[in-house]
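Here are my notes for your first read-through. Keep the sequence and the 3D view open, and take the points in order.

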Amino acid sequence: MTPADLSPCVVRAVRRAVADGELGVGTVVPERVVVERTRPGGVGEYATPAALAVARSAGRPPRDVAGVLARRLGAEPGIERVEVTGPGFLNFVLPAPAAPALVAQAIVLDIAIRDVRGGAAFLPDDPEDAHTADGLRRRVVRRCVQRLVRAQGGSEQDVPADLPVAPLARRDADAVRRYGADAACWAMLAVPARETPAFSDVLLHQGEASEFFRVRYAYSRSRALVRNAGQLGFHPEAGGVDDAPALLRLLADHPLVLEAAAHHRAPERLVRHLVELADALLDFHHRVLPQGDEKPSAAHRARLALAEAAGTVLAGGLALLGTDAPERL
């Protein structure tokens, strides 16, 4: 089981609890629930407040509902442990993620967001709003949230028209001209919508100091690895990878990040995740290709497949933000 499987798993547990009479017939079964990684210092690895929402229609205390669901979920294959904390949060511990499943997951996610990819981040919704600092930021944030929601199966109409967005500072009104559309878009989305974004020349740096550069560079490195492997006569092939725990964990979390970013209307969550994922890939990429006299092996093919999957996720994430993912930097 991957973290992305937890949401439908919780929904099934609610439905079966109602069918078996453990929860009342008036209990509303949610279509989906939000599962997020537990915050530092919390219990378990992942958590959901689903029981608190279900409790309203069930007419029972949230901790009672959580207890019913925890007993059922604890028996699910692929879930190591379920605990109830606080007023009724469900907390999960899962086995370490497996690389082949994450490679397959990256492909499925990439297919799912193809129809919502791409820029047009700066096309005006209202021509009269096209050249104002507040209008520019509003368009960028709104279009990104629309893409995130559509990638989760929603529609643009699900995004409120009055989405609160702080405008750019007056001095940053020409940010697109100064930094380029992609870098300006990144800066506008890197902080919560209600905060004013900060711009600096770091956005233009082609080095480690720029998070924007690191994310796009990590993607370009993933593509270079595939090209270089082809020159050496081997290609990606999903298999076990035991020397990339951080990269595996971040890839496993990616669907949850997308869902949470859409649910909370918070593109900055995706920005932070892409930076972490890029850094993990850059820490890992030097172990992908054979070194010295090494011959390509199954381990190299599996690492290459994992690196390619990480690159696919980075490209998809950048597309959802409305920025480009160049194959060569």
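1. Start with strand β2, residues 46-48. This strand pairs with β4 in the antiparallel sense, over three bridges. Find Tyr 46 and look across: Phe 92 in β4 stands opposite. Keep in mind throughout that this is a predicted model.

2. Now widen the view to the sheet. Four strands form an open sheet, and the pairing is antiparallel. The order is β1-β2-β4-β3. Strands β1 (36-37) and β3 (81-85) stand at the edges. Each of these two has a single partner strand, so one side of each is left without a neighbour in the sheet.

3. Look at the other partner of β4. Strand β4 covers residues 89-93, and five bridges join it to β3. The two strands run antiparallel. You can trace the pairing residue by residue. Arg 81 stands opposite Val 93. Val 84 has Leu 90 as its bridge partner. Thr 85 stands opposite Phe 89.

4. Check the turn between these strands. β3 and β4 form a hairpin, with three residues between them. Gly 86 lies in the turn and has a positive phi of about 55°.

5. Is β4 largely enclosed or left open? Count the buried residues. Four of its five residues are buried, so β4 is largely enclosed by the rest of the structure. When you inspect a strand like this, remember a general rule: in a regular strand the side chains alternate between the two faces of the sheet.

6. Move on to the nonpolar cores. The largest has 75 residues. Those with the most contacts inside it are Trp 186, Phe 199, Leu 247, Phe 284, Leu 306 and Leu 314. Several helices give two or more residues to this core, including α4 (99-113), α5 (133-151) and α9 (245-263). Helix α11 gives the most, with 13 residues. A second, separate core has 29 residues; Val 14, Ala 58, Ala 70 and Ile 79 are among them.

7. Take Phe 199 as a worked case. Set aside its neighbours within four places in sequence. Phe 199 is then in contact with Leu 168, Asp 172, Ala 175, Tyr 179, Ala 184, Ala 187 and Met 188.

8. Helix α7 deserves a look of its own. Seven of its nine residues are buried, so α7 is largely enclosed by the rest of the structure. The buried ones are Ala 183, Ala 184, Cys 185, Trp 186, Ala 187, Met 188 and Leu 189.

9. Next, see how two helices meet. The axes of α8 (residues 211-232) and α11 (residues 298-321) come within 9 Å and cross at roughly 140°. The crossing is left-handed. On the α8 side, the contact residues include Tyr 219, Arg 223 and Val 226. On the α11 side, they include Glu 308, Gly 311 and Leu 314. The residues of this contact divide into eleven nonpolar, two polar and three charged.

10. Leaving aside neighbours within four places in sequence, Glu 268 is in contact with Leu 189, Ala 190, Val 191, Pro 192 and Ala 193. Glu 268 and Pro 192 are 76 residues apart in sequence. In space they are 5.8 Å apart, C-alpha to C-alpha.

Notes: Residues are numbered from 1 along each chain as its sequence is written. This is a predicted model: local features need pLDDT of at least 70, side-chain atom pairs count only at pLDDT 80 or more; totals for chains, interfaces and linings use all residues. Side-chain values use heavy atoms; hydrogens and water are left out. Axes are lines fitted to C-alpha atoms, for helices over the stretch in contact, and angles run from 0 to 180 degrees between N-to-C directions. A crossing is left-handed if the near helix is turned anticlockwise from the far one by less than a right angle, and right-handed if clockwise. Contact means heavy atoms within 4.5 Å. Ala, Val, Leu, Ile, Met, Phe, Trp, Tyr, Cys and Pro count as nonpolar, Asp, Glu, Lys and Arg as charged, and the others, Gly among them, as polar. Two strands pair if DSSP finds at least two bridges between them. A nonpolar core is a set of buried Ala, Val, Leu, Ile, Met, Phe, Trp, Tyr and Cys residues joined through side-chain atoms within 4.5 Å. Buried means under 20% relative accessible area, exposed over 50%, partly exposed in between (1.4 Å probe, protein chains only).
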